[in-house]
Amino acid sequence: MTSDPVILAERLIACDSVTPATGAVFAELEAQLAPLGFAVHRFVAGEAPDGPVENLVAVRAGPAGSRHFAFAGHLDVVPAGEGWTSAPFAPERRGDLLYGRGAVDMKGAIAAMVSAVATIPAAAGTISFLITGDEEGSARFGTVEIIAHLRQTGQMPDLCLVGEPTSAQRLGDMAKIGRRGSLNLWFTAPGTQGHVAYPHLADNPIPRLIALLAELDAIELDQGSDWFQASNLEITDLEVGNRATNVIPAEARARASIRFNDLHSGADLVARVTDIAGRHRVAVRAVISGEAFLTMPGPFSALVGDAVEAETGITPELSTTGGTSDARFLRAVCPVIEFGLSNATMHKTDEAVAMADLVVLSRIYRRIALAALS
């Protein structure tokens with residue numbers, strides 16, 4: 001069994017695992033973890049359209065009463081798209097880089113985790129892998145189901161590291177200690193269809209919807225907080241679908257998204273938007289994807305920073321920028337921090353990771369795990 005993170009990453013990348021992922025990619029990870037003494041539990045949750053989703057919980061128990069450190073992440077990837085220089089699920093080494101979908105986000109990081117624990121003795125403490133096949137999609141049946149399993153089995157970790165690609169310019173320059181919350185909104189403005197020459201016999205929903213969107217767009221939610229950038233509301237879609245030039249439509253629809261910091265809760269924002277929409281006679285459907293959270297700087301972030309500095313010579317910036325991740329669920333279990341590879345090519349054509357970074361990341365993860373277990 002090899003502990004070379006590049007080879008381990010190649011084996012994971014070779015498994016087509018477009019979200020939601022099941023099957024071969026989990027079998028490969030199980031084959032990597034089982035020889036290291038991990039008890040691997042794989043289970044499938046959910047039904048179409050957001051499932052089925054496969055999840056994996058692998059635990060290597062340490063001595064009784066020892067600390068429990070968890071690595072977390074996802075094996076599902078976004079669709080490859082067109083225009084790749086090489087086949088996206090046929091990993092290829094070119095120069096210093098390893099190419100393939102998921103090389104950065106985040107099969108490379110999971111390979112580095114496996115490589116890291118290969119040289120950590122079981123006597124150091126309990127280590128687990130919390131890996132889902134549904135992070136890039138709806139996330140309905142992924143990490144939330146893993147957390148339910150942990151609660152049922154009493155296997156709650158003390159600390160958790162998520163291997164998202166957090167580095168910006170070079171490996172080690174940034175770690176995430178929190179994320180903004182995410183709220184998605186669907187608006188439906190009902191009207192009465194009619195002939196444009198007889199507007200008094202119709203009710204055009206478009207002006208009311210536009211007025212609502214203009215009012216929402218003008219709102220300044222805040223100016224940021226101590227650890228977070230300002231919250232923002234973005235209009236993401238406007239649809240009528242009226243092909244006729246002489247018909248007032250019966251309905252108009254729009255969509256918006258809010259990324260919010262720790263000055264707000266999802267419920268409060270939903271109430272505020274719903275109140276405004278009601279004045280414009282527009283219906284709202286809201287989905288809160290996650291609340292804002294923060295792992296305050298302290299011993300955990302310090303040990304992560306120390307491990308990164310020991311291997312790279314730089315101290316990572318502690319940040320809350322970027323989109324959401326499954327850390328938004330895991331933060332309900334224990335303190336959680338995200339740290340991983342450079343995110344320059346994630347989700348892009350010809351996604352690639354520097355092979356040297358995989359080796360260094362493996363050493364960083366080993367240091368973090370050992371420190372967290374001590």
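Let me start with a definition: two strands pair if DSSP finds at least two bridges between them. Helices and strands themselves are DSSP runs, numbered from the N terminus, with at least four residues of H or I for a helix and at least two of E for a strand.

Before the tour, a word on where this comes from. This is a predicted model, where local features need pLDDT of at least 70 and side-chain atom pairs count only at pLDDT 80 or more, while totals for chains, interfaces and linings use all residues. Residues are numbered from 1 along each chain as its sequence is written, and side-chain values use heavy atoms, with hydrogens and water left out.

Three strands make up an open sheet, ordered β4-β5-β19, with antiparallel pairing. At its edges sit β4 (92-94) and β19 (352-354), each of which pairs on one side only. Direction ignored, neighbouring strands here are turned by 30° against each other on average. For angles like this, axes are lines fitted to C-alpha atoms, for helices over the stretch in contact, and angles run from 0 to 180 degrees between N-to-C directions. Looking at one pair, three bridges hold β4 and β5 (residues 97-99) together in the antiparallel sense, and E92 has Y99 in β5 as its bridge partner.

Which helices lie across these strands? Helix α1 (residues 5-13) lies across β4 and β5, at about 15° to β5. Helix α9 (residues 355-373) lies across β4, β5 and β19, and runs at about 65° to β19.

Let's stay with α1 for a moment. Seven of its nine residues are buried, so to speak mostly covered, where buried means under 20% relative accessible area, exposed means over 50%, and partly exposed is in between, using a 1.4 Å probe and protein chains only. The buried ones are P5, V6, L8, A9, E10, L12 and I13. They pack against α2, β4, β5, α3 and α9, and contact here means heavy atoms within 4.5 Å.

Two of those partners also meet each other. The axes of α2 (residues 24-33) and α3 (residues 107-117) come within 10 Å and cross at roughly 20°. The two helices are therefore roughly parallel to each other; the cut-offs are under 35 degrees for roughly parallel, over 145 for roughly antiparallel, 65 to 115 for roughly perpendicular, and oblique for the rest. From α2, the contact uses V25, L29, Q32 and L33, and from α3 it uses K107, I110 and V114.

Now to another strand. How many residues of β3 (residues 68-74) are buried? Seven of the seven are, so β3 is largely enclosed by the rest of the structure. β3 pairs in the parallel sense with β6 (residues 126-132) over seven bridges, with S128 in β6 as the bridge partner of A70. Four bridges also join β3 to β7 (residues 159-162), again running parallel, and there F71 stands opposite L161.

Last stop: R272, which lies in helix α6 (residues 266-279). At 39% relative accessibility, R272 counts as partly exposed. Leaving aside residues up to four places away in sequence, R272 touches I219 and L221.
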